[in-house]
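Keep the model open as you read.

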Amino acid sequence: MLGNGSALAFEAVFDDLDVGVVVLDEQRSIVGWNNWIARASGVSRQHALGRDLLDIFPALRDTRLSIVVDDALQVGSSSILTHTLNKLLPLRGDDGQELLHNIVVRPASSGHHCLIQISDVTVSVARERVLRDRQNARYHAIVDSAPDAIITAAVDGTIQWVNGACEEVFGYTAAELVGQKIDVLLYQREALDAAFSGTVASSKAAAIQVAGRRKTGELAYFGVSFGRWRAEERLFITTIWRDVTERIAAEAALRESEGRQRALLEALPQLVWTCGPNGVCDYFNPQWQTYTGATVEEHMGCGWLRAVHADDR
């Protein structure tokens, strides 16, 4: 396999390997090219030996592979390049389909050569994809039955997936939302900045209340909880939107009712106070203070008994 005759004894060993092996000299010329890489690349050993690797694959000149080869030859560093993050070799399997692969680049022990090892990960990636699809199917079956809107977005806010409840909650179909910025659902975009900017301390955070907008333009309120997760080196944020519009309206109505009641009690000329079954008072109207001459704080709890004659307590 190697360019000089002293290494011919190793050709059979390297050719039996189930990985691609390429050896470069200090000038980046190919001096080793086993059968695996010859089959996968369609470039024979005779055509490859003595040539610069980038002459065979010119599209790789401005890629990470070119840089790490130089690092291995010049400073002796090793690197791993994965198919998910890097543009690698244009390889094909025996079936003619694209061959997914990872590459390890390391200096040879002599210090004057660079060894490139190419591993086929097509089967393992396909297996992982099948397992992931099965997990996703179970996940979707669960979240699609949830009454709350569940939305997964990229870190830039672009919606990637929504569950079935989103249409009922917001009025948008999944097709209308996927690809849109999550801003379309918010009254103010800043409401979810903490989730998408990564400024919170944990990947999971307590629900925050935000003002949202339905497709009709109607204002609605939501308790939104979120979690960050990674897949294939990408960051995603899944948000769960619980519609609390009715609760917010009920709380506002209760506060308004309590305000009206307090205004009425404080306008009455009679003494008004309230207490629990144990006799502990929690409210006195202003007329009580005027009549007794004591502050409200003095008579809160059981202090009010001081205003009652000892024989009547």
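Sorted by class, the residues around the largest cavity are nine nonpolar, no polar and no charged; here Ala, Val, Leu, Ile, Met, Phe, Trp, Tyr, Cys and Pro count as nonpolar, Asp, Glu, Lys and Arg as charged, and the others, Gly among them, as polar. The model is predicted, with local features needing pLDDT of at least 70 and side-chain atom pairs pLDDT 80 or more, while totals for chains, interfaces and linings use all residues. Residues are numbered from 1 along each chain as its sequence is written, and side-chain values use heavy atoms, leaving out hydrogens and water.

A cavity is a set of points on a 1 Å grid over the protein atoms alone where a 1.4 Å probe fits but cannot get out, and lining residues have an atom within 4 Å of a point. Among the residues lining the largest cavity are Trp33, Leu65, Leu89, Ile116 and Ile118.

Those five names return in the largest nonpolar core, where Trp33, Leu65, Leu89, Ile103, Val105, Ile116 and Ile118 touch the most other members of its 30 residues. Such a core joins buried Ala, Val, Leu, Ile, Met, Phe, Trp, Tyr and Cys residues through side-chain atoms within 4.5 Å, buried being under 20% relative accessible area with a 1.4 Å probe, protein chains only. Helix α5 (64-74), a DSSP run of H or I with at least four residues, gives the most to this core, five residues. A second, separate core of 23 residues includes Leu177, Ala195, Phe222 and Trp241.

Conventions. 1 Å grid on protein atoms, 1.4 Å probe; cavity = no way out; pocket = protein on both sides within 12 Å on 5 of 7 lines; lining within 4 Å. Buried < 20%, exposed > 50% of the residue type's maximum accessible area, 1.4 Å probe, protein only. Helix = DSSP H or I, 4+ residues; strand = E, 2+ residues; numbered from the N terminus.
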